[in-house]
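The sequence and structure are shown first.

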Amino acid sequence: MRLKQLKFSICLLLVCLLLQGCDMFEAHPYDAQVRGETGINARSASRIAQQTEGKDTIRFAFISDTQRWYDETKKAVSDINRRQDIDFVIHGGDLSDFGATHELEMQRDILLRLRQPWVALLGNHDCLGTGESVHQRIFGPSNFYFTAGRVLFVCLNTNCMEYDYSEPVPDFGFLEHVITSVPDSIMHTVVAMHVPPFDLEFNNNVARVFQAYLHQLPGLLCCIYGHGHRYAVDDLFNDGILYIQTPCIDKRGYLVFTLTPDGYEHQLVAF
Amino acid sequence: MDMNTNWSLSSLLALCLLCVPSSSHASCDTVVIRSKHERRVERYQHAWSNLIPHYSKVQYAGGMGLVSLGIGWDYGRNQQWETDMMLGLIPRYSSDNAKLTFTLRECFTPWRFPLSASVHAYPFSCGIYMNTVFNNEFWTTEPDRYPSGYYGFSTRVRTHLFVGQRIKFLIPDRKRVFSNSITCYYELSTCDFYLISAVTNHLRPRDYLRLSFGLKLAVF
């Protein structure tokens, strides 16, 4: 009798544990079992296109390198949410520190609190272990583009060292595809990436080729990136195209870009 | 005669003195030659028999695979120490392939409370396990293409800490097939990745604690 009761209570306990903590049962930190929302970039891209249709002035926030700074990321999200003037948010990559599945899920869940649509790029830390597969499942392909008003946003995977020539990074085939299929309505282009040319992580043999490709995009305004964890503005190729680096989220800052038909300006916002 | 007796007595004594040790020596020799080998064989067999696993385990989740199978040894005065070796399987999920993992675990279970003659409760156990993934995507030290210390951690080897509870059911003699007892356990664990994230942030426990449960089937 006592044994039966015990067995019953153990079964009950196990069932309770199963129901209570489904996501606490994990095969491995790198198991790539994605729970919750997926395909975020594609959905955001269509929301951004819809919400900015016909708009001349586009304003977006650019954050990056939020890895293992969950508290700071939450603060950045509430600071961006507090503003009424942001059309959308771009995350420059490195959402995770180790590429672990739950890191990317946690970052996604924090960023999903943004009122604005948002997209996330692939950072070099996101490539570790099974991170790249998980990032692709949650956000989508690592090279993508979307439009906001009459501006084209090209988001590129530039984490060359992570691939060790196993895949074309940066993908010139993708760039050619974008260059040849840009609709006529596009006036300007902003290129976002995680790693800038001439960084150790970049394939610097093709740095100038890369820039030559970017110049074929209509009305190239600037290139924005993260990775270096500090605010920086450089004319890397001395061709008038500025490479603008947003600080990591631990530095309590992000960039806000305002694009008008005449050009663009950016501002470093502290929170 | 006297001399003779003396001689015979002394020779008898000498013989006895010689005989006793020599006979004991002789018997010892045969015994030693036989038993030395036998004892060596015995020692050899005993040493290797210590390596016969005392139990097998099956575990669900816990960062070592969705399902893991293992063998292990318990030792110590009250069998409070346990060393396990487990092989686990991580399904493919969103990654490129399924993965096999290997885990080495040390567990300490200090207290035992008999609930009845055949049921024992172990209210607390704790320990550490290290897990490695058999897959080329993971590295122990960074590949040569990175400058040394670029990432500064291993993606292949994870260290987990855990606490848990268990309950042991002794199987009555007549019902024993292979196991003499079954232990049900659950563990609450965290790994190095989660621990460092939890220490530097305000996270919910479900973000850095992981549950697992399993069965231990004791052979002897």
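## A helix pair in chain A

In this predicted model, Tyr70(A), Thr73(A), Lys74(A) and Val77(A) of α3(A) are in contact with Met106(A), Gln107(A), Ile110(A) and Leu111(A) of α4(A). By class, the residues of this contact comprise 5 nonpolar, 2 polar and 1 charged.

Helix α3(A) covers residues 70-82 and helix α4(A) residues 101-111; their axes come within 9 Å and cross at roughly 20 degrees. The two helices are therefore roughly parallel, since angles under 35 degrees are classed in this way. The crossing of α3(A) and α4(A) is right-handed.

Helix α4(A) is largely enclosed by the rest of the structure, because 9 of its 11 residues are buried. The buried positions are Thr101(A), His102(A), Glu103(A), Leu104(A), Glu105(A), Met106(A), Gln107(A), Arg108(A) and Leu111(A). Two of the buried residues, Met106(A) and Leu111(A), also take part in the contact with α3(A).

Within chain A, the buried residues of α4(A) pack against α2 (40-51), α3, β2 (88-91), β3 (118-120) and α5. They also pack against α3 (205-208) of chain B.

## Chain A as a whole

The secondary structure of chain A consists of 8 helices and 11 strands. Its C-alpha trace spans about 85 × 45 × 35 Å along the principal axes. Of the 271 residues in chain A, 49% count as buried. Among contacts in this chain between residues at least 6 apart in sequence, 74% join residues at least 24 apart.

## The sheet of chain A

An open sheet of 6 strands in chain A has the order β4-β5-β6-β7-β9-β8, with mixed pairing. Strands β4 (144-148) and β8 (232-234) of chain A lie at the edges, each pairing on one side only. From one strand to the next, the twist averages 20 degrees.

Inside this order, β6(A) (residues 188-193) and β7(A) (residues 220-225) pair in the parallel sense over 4 bridges. Val190(A) stands opposite Cys222(A) of β7(A).

Strand β3(B) (residues 81-90) has alternating side chains. Glu82(B), Asp84(B), Met86(B), Gly88(B) and Ile90(B) point to one face and are buried.

Strand β2(B) (residues 67-75) is joined to β3(B) by 9 bridges in an antiparallel arrangement, with Val67(B) opposite Leu89(B). These two strands form a hairpin with 5 residues between them, and Gly76(B) in the turn has a positive phi of about 100 degrees. Strand β3(B) is also joined to β4(B) (residues 99-108) by 10 bridges, again antiparallel; here Trp81(B) stands opposite Phe108(B).

## The contact between the chains

Chain A contributes 33 residues to the contact and chain B contributes 38. On the side of chain A that touches chain B, α1 (2-20), α3, α4 and α5 (131-139) each supply at least two residues. Helix α1(A) provides the largest share of that side, with 6 residues. By class, the side of chain A that touches chain B has 18 nonpolar, 7 polar and 8 charged residues.

Key. Residues numbered from 1 in each chain as written. Chains lettered and ligands numbered in written order. Predicted model: local features only at pLDDT ≥ 70, side-chain atom pairs only at ≥ 80, totals over all residues. Axes fitted to C-alpha atoms, helices over the stretch in contact; angles between N-to-C directions. Parallel < 35°, antiparallel > 145°, perpendicular 65-115°, else oblique. Left-handed = near helix turned anticlockwise from the far one by under 90°. Contact = placed C-beta atoms within 7 Å. Nonpolar A, V, L, I, M, F, W, Y, C, P; charged D, E, K, R; others polar. Pairing = 2+ DSSP bridges. Buried ≥ 20, exposed ≤ 12 C-beta atoms within 10 Å, placed from the backbone.
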